[in-house]
Amino acid sequence: MIHGGKSFVSSPPAFSNDAKKLLVCTGNTISVFSTSTGMQITELEGHTALVTAIIVVPNANNVFCYCWTSSLDGTIRYWDFSAPELIKTVDIRLPIFSMVIPRLLVKQEESDGKVANVFAYMSVEDVNVHVSKAKYLRGQLRKCNLTESRLAGGVILAETVQPPYMTISPSGEFFGIQNKRTLYIWKVPGKDYEHAVVKKMKLHHTKNFSTFAFHPVDRIVAAGDVTGRILVWRGFGWRKFSIHDDFNNDGLMKSEDERPGVRENDDADSCSTWHWHSSEVNLLSFSSDGAYLYSGGNEGVLVMWHLDTGKKNFLPRIGSPLLYFMDSPDSLLSSISCADNQIHMLKMSSLEILKTISGIKLPCSFPDKWNGLSSGFVFDDAAGVVAIRTENYRIQFYSLLDNREISEVQVCERNHQPGDDITVAVTLMALSPDGSMMCTAETKLPEEGIGGLVCLKFWVRELQRKDFKLSTIVYEPHRDAPISAIAFHPSSQMVVSSSYGGDFKIWAFRNTTQDTNPVLESSGWTCHAVGSYKRKPMTAATFSADGSVLAVAAETVITLWDPDRNVLVAVVGETFAPIMNLFFVVKSDSLVSISRGPVPQLSLWSMSKLSMVWSYKLHSEDVACADDASSFAVLALLPESPKAVESNGTRIHSTDGIILLFNVGDPIPIVTWSARKANGGGLSFLRVNQSSFEENTSAGKERSTLLVYINGDHEYVVFDPYSKEAQKLSLACQDASTEHEETGHFGYSALYGELPSFEPKGETDQGPILPSERPWETIFNGSSHNLPPLTKLCSAFLESLLEKRTTAVD
Amino acid sequence: MAEEPSFSKNFPTKSRLKPTSKKRRSSPESKYWKSFKTQQISGLVSSITSIDFSPCPPHLFAVTHSASLSIYNSHHPDSPRQPVSTISAFTDVAYSASFRSDGKLIAAGGESGIIQVFETKSRNPLRQLRGHSRPVRLVKYPRIDRLHLFSGGDDSVVKYWDVAAEAQLNDFLGHKDYVRSGCGSPVDDNVFITGSYDHTVRVWDVRGSNSESSTMVINHGKPVEDAVFLPSGGLIATAGGNVVKIWDVIGGGKCVYSMESHNKTVTSVCVGKVGRDTGEESEQYRLLSVSLDGYLKVFDYSKLKITFSVRFLQPLLSVGFSPDCSTRVIGTSNGIIYMGKRKTAIKEEPTAGGFVGFHFMEEPQRRVLRPSNFRYFHRGQSEKPSKGDFVVLRPKKVKLAEHDKLLKKFRHKDAFVSALRKKNPENVMAVIEELVARKKLLKCVTNLDMEELEELLMFFQKYSAQPRYSGLLMQFAIKVLQIRAEDIQASETLIGHARNLKRSIDEEIRIQQSLLEIQGIISPIMRIAGRR
């Protein structure tokens with residue numbers, strides 16, 4: 001079983017100390033990427049829910065690679081990410097949304113030799129309070145003693161409606177949150193102990209804050225709001241945080257009118273406003289020397305403000321809303337996380353992108369009028385590749401087995417500006433069964449009735465290279481009517497496109513290479529045949545597995561055609577609602593149809609009897625047919641129950657979909673799995689080579705067919721639908737906890753084999769130590785922190801001696 | 001990752017692609033024939049009855065028209081369209097001028113039945129060959145022979161002359177009607193053919209003892225207007241009616257091919273050559289035929305297909321092609337000569353008579369470049385990569401048109417106006433489509449000032465009826481007229497433009513209706529035809 005397609009940009013990433021690695025939160029795991037190659041090195045696995053924060057322990061000489069991570073599963077874990085192994089787990093049993101550890105950033109003066117306690121401040125969600133309360137502050141800011149791995153009792157710094165995102169100053173002196181129109185800033189006490197008084201101050205603004213950042217040296221804080229303004233407060237907190245450093249106490253106190261721009265009682269010397277962004281500011285970050293302020297928002301433009309003069313410099317056309325900006329210890333390198341699931345490695349001196357780590361493209365949000373025009377995913381089932389439409393008029397090819405992007409094809413030659421109205425979109429695509437040809441349909445919306453355009457494009461994969469080359473463009477293939485479906489012929493070079501305008505066209509590939517002049521080769525797709533049935537809108541089309549029958553749905557009936565001679569063969573049945581999708585079941589004479597709308601329907605038709613066999617009232621998202629068996633899988637949405645609506649509000653992911661595996665002869669499904677976020681999901685069988693798959697899974701079982709399920713967030717899982725393991729998956733999914741699977745050996749274990757599992761440090765005193773079975777010479781071998789306490793060892797040692805004597809007697 | 005990390009590129013607006021037709025638009029051959037740039041020589045009185053090129057450089061050509069013979073030099077630097085000299089020593093209409101193989105003499109027949117021989121340079125009449133009782137339409141020197149010529153007349157007699165002695169050597173009788181055409185064999189000067197209105201082409205041999213009968217008779221089936229030997233000497237081409245036929249003389253006078261692509265009588269044929277360096281010599285010859293329907297067709301008789309066809313507005317009577325492949329001349333029935341000249345004439349080797357001097361060109365010594373020399377700093381910059389080198393290509397710079405630059409700066413109206421002023425409808429359409437995608441088109445229209453609006457209306461008037469653009473432009477025009485109704489009513493010129501627009505659209509509607517009517521007539525016929 002392979003999981004993949006996680007978001008790389010759910011939380012900010014973190015650089016390692018030598019800036020050669022980037023730690024990225026990918027769902028339940030932390031992926032470590034190389035910044036120089038952009039490839040994944042290793043993965044830290046252990047969390048059972050979304051990882052929300054990564055804090056790399058700073059280290060002067062780059063020897064140790066330790067990091068703290070927090071997760072929604074309520075644990076904080078301590079890792080050595082070079083090895084990769086888990087060192088310590090702190091369980092606080094509250095979902096952690098954000099965490100900062102100020103202590104790590106302060107220069108450690110270890111004069112007394114005693115290791116001080118390390119405290120983490122985190123924003124957690126209080127799950128103990130009942131939902132029913134009207135004014136209910138769910139977010140809490142709490143403090144945790146990481147050394148002793150427990151929550152600091154009773155210390156709640158603040159309570160908010162939602163768990164806030166925390167920001168820490170680079171010096172580790174301050175941290176804060178933004179809450180609506182107020183910034184709360186705390187000063188970390190110099191000597192931190194459990195009940196140390198943490199001082200707080202507030203800064204106010206008239207708009208909601210979206211993000212803020214601390215200056216690395218000075219007492220400057222910059223905050224962005226939802227309207228795109230950036231406010232820069234200088235000299236904040238001289239009054240509130242001034243007790244310990246009283247030498248500058250009154251000298252810097254200024255009267256009210258000498259503090260330009262600062263709201264009434266706020267504790268700052270001055271406040272200036274910069275406005276360039278047209279919408280919400282998503283990221284703010286100071287450069288490491290504090291001379292520049294970086295800001296970015298939905299425009300996809302990184303703005304560099306010179307802090308003293310306010311002059312701007314731009315890095316435009318990144319192409320997607322910017323989310324996070326991370327400075328690396330190597331001051332030349334930084335990373336930008338974009339909303340399209342990409343992390344760009346940026347060379348700061350020349351402002352160019354060195355590498356891009358791109359994950360699976362996230363679903364693009366199309367306006368309602370696109371609904372019904374677009375299909376979800378296209379699978380190249382032989383190569384294990386899924387093709388996904390992206391927002392910037394491209395198609396991304398993503399390898400499901402390797403969990404990485406293969407290539408991208410620019411379908412429309414246009415620039416995408418995030419935030420613009422979507423007027424052009426790639427609505428449909430189809431891949432030929434051998435993956436060598438592609439067909440895409442794009443639609444341009446008219447402006448007040450002027451200039452709408454539907455365009456069909458045929459692509460051919462170049463032999464040497466991986467990417468596709470444009471072969472033929474057909475403008476307005478069905479007049480101005482939108483295209484409802486495209487399908488490739490399974491064996492010959494033929495494509496059918498059906499339109500809502502009431503006709504379908506069969507396109508054939510003509511390659512007329514002239515012998516005399518091979519340079520003037522003219523190959524392209526031409527219309528082979530046109531058909532229509534009673535001028536009804538054609539809503540779906542597909543070829544049968546051997547290519548002898550073309551099935552086109554004319555709203556509620558299915559028409560069967562001979563594709564070569566373009567002759568209507570038969571008309572089948574009638575459904576209640578227009579058919580949206582048609583699928584032939586391989587190795588049988590059956591056809592599956594999907595209708596949606598108020599009366600959803602999933603029907604199986606027998607082609608030999610030309611009648612319906614059975615039908616369910618199911619809202620089906622997708623159907624996948626295995627190509628070597630007479631079975632098919634259906635992804636269906638569960639009817640929404642009131643309970644489900646409730647649970648949506650509480651952000652607990654409940655199952656909303658179900659995957660059913662049918663055999664053709666039997667209306668009762670063989671297997672069922674429940675699935676989450678099934679709306680907008682996709683399903684497909686993969687025909688993958690045995691060997692290539694075996695490399696990826698340690699389990700060496702016989703696998704014939706694999707089923708892949710992509711959910712609405714483009715996270716996917718690949719599993720064998722016929723194995724028993726998958727049966728377990730169904731149970732696990734019903735528990736609404738994500739299944740986790742061991743995937744191969746990495747790093748240390750790949751070289752030296754499995755490490756002996758040992759208990760994490762924090763729980764050593766609780767767990768009983770098993771006496772070793774080994775002879776006494778080897779008992780003391782190994783590193784000291786691995787050894788059990790001496791009291792436990794003693795008996796084992798004596799026992800081993802006793803054993804030795806008995807053997808000697810024998 | 002698979003793709004080079006880069007920010008999104010800038011895409012210039014692209015016009016819609018035109019559909020490509022299945023047949024090749026321009027083969028290298030049609031490109032060659034198109035490279036003859038036609039000049040018109042007019043002002044001659046009557047029809048151009050014959051054209052003949054001098055076999056020697058500079059390949060003058062002689063044209064007979066009414067009672068005169070004009071000699072032109074197509075390579076004349078200043079006035080190629082003016083005759084070099086005109087011989088008007090004819091009492092009646094002159095026919096069939098023919099250069100001798102060295103180009104020094106020229107012979108022509110005439111309505112009077114007398115064959116006259118002139119010196120080309122001085123225009124002096126040297127000999128008069130009298131013997132034909134009717135007009136002589138055929139006078140030809142053999143390919144190489146300088147002493148004899150043959151002629152044919154409307155008295156249906158073919159005569160063979162000794163020019164120097166002004167004596168008639170042979171009478172060839174056999175034709176039963178006017179002899180109008182003929183040609184000497186390229187391989188043997190003793191053999192020639194004549195074509196007659198009695199539908200036959202006869203092959204004659206002057207060595208034959210029996211002068212009465214021809215060596216071979218070929219029946220063309222129509223009155224023969226012209227007959228030529230093809231350069232191999234084994235094939236002849238005959239023109240008569242609207243048919244050109246190729247015959248195999250060696251194989252016993254078998255018809256090889258019959259080309260029937262002219263609509264009216266083919267009046268003249270000649271052999272042309274595609275001046276190519278590559279390929280076999282025999283594959284380069286083409287048959288040029290002109291007809292009263294105004295078409296010049298180029299026929300590739302080795303592949304048996306027409307490779308080029310061009311139409312002139314006049315009925316064509318005669319055609320000639322210069323031996324150096326630089327000039328093609330066509331004569332019409334009303335005194336116009338179309339002279340087609342290629343820019344780059346194919347260089348011909350100097351003939352045997354030409355003197356070629358041998359000079360020892362001293363090889364310039366290569367001096368070692370020193371920093372004192374300016375070229376020193378440019379050395380190696382124009383170095384060409386040798387065959388095995390791996391060339392690192394510089395990324396191609398995308399050239400942006402002015403409207404693209406303006407679009408990049410989001411100056412939508414300016415981009416629109418700039419495209420309009422450039423007057424390329426493809427670009428205007430591409431900009432309109434781009435503006436639609438940005439939802440800025442109507443905003444642009446409201447911002448146009450009066451002059452720009454006028455330009456837009458003129459654009460509509462010109463292109464909105466064209467089917468390629470009408471789908472978009474019609475709706476757009478309606479929208480513009482609605483939005484800017486007040487401004488248009490305020491200005492007199494704009495009202496005029498709107499009126500013109502209406503007129504052009506009305507006309508288009510009328511055309512569409514008549515087309516529909518035609519379709520209504522045709523479709524039942526097609527239906528019936530399809531049923532069988």
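A nonpolar core is a set of buried Ala, Val, Leu, Ile, Met, Phe, Trp, Tyr and Cys residues joined through side-chain atoms within 4.5 Å; buried means under 20% relative accessible area (1.4 Å probe, protein chains only). The model is predicted, with local features requiring pLDDT of at least 70 and side-chain atom pairs counting only at pLDDT 80 or more, whereas totals for chains, interfaces and linings use all residues. Residues are numbered from 1 along each chain as its sequence is written, chains are lettered from A in the order in which they are written, and side-chain values use heavy atoms, leaving out hydrogens and water.

**View 1. The largest nonpolar core comprises 35 residues.** Those with the most contacts inside this core are B:F416, B:I432, B:L456, B:F459, B:F460, B:L473 and B:F476. Among the elements of chain B that give two or more residues to the core are α3 (412-422), α6 (450-463) and α7 (467-483), helices being DSSP runs (H or I, at least four residues) numbered from the N terminus. Another core, of 27 residues, lies apart and includes B:F229 and B:V249.

**View 2. Surroundings of B:F459.** Beyond its neighbours within four places in sequence, B:F459 is in contact (heavy atoms within 4.5 Å) with B:L420, B:P425, B:V428, B:M429, B:S464 and B:L473.

**View 3. An open, antiparallel sheet of four strands in chain B.** The order is β14-β15-β16-β17, where strands are DSSP runs (E, at least two residues) and two strands pair if DSSP finds at least two bridges between them. Five bridges join β15 (residues 191-196) to β16 (residues 200-205) of chain B.

**View 4. A:R138 in a loop of chain A.** This loop connects β11 (119-125) and β12 (139-145). A:R138 counts as buried because its relative accessibility is 18%.

Note on methods:
Buried means under 20% relative accessible area, exposed over 50%, partly exposed in between (1.4 Å probe, protein chains only).
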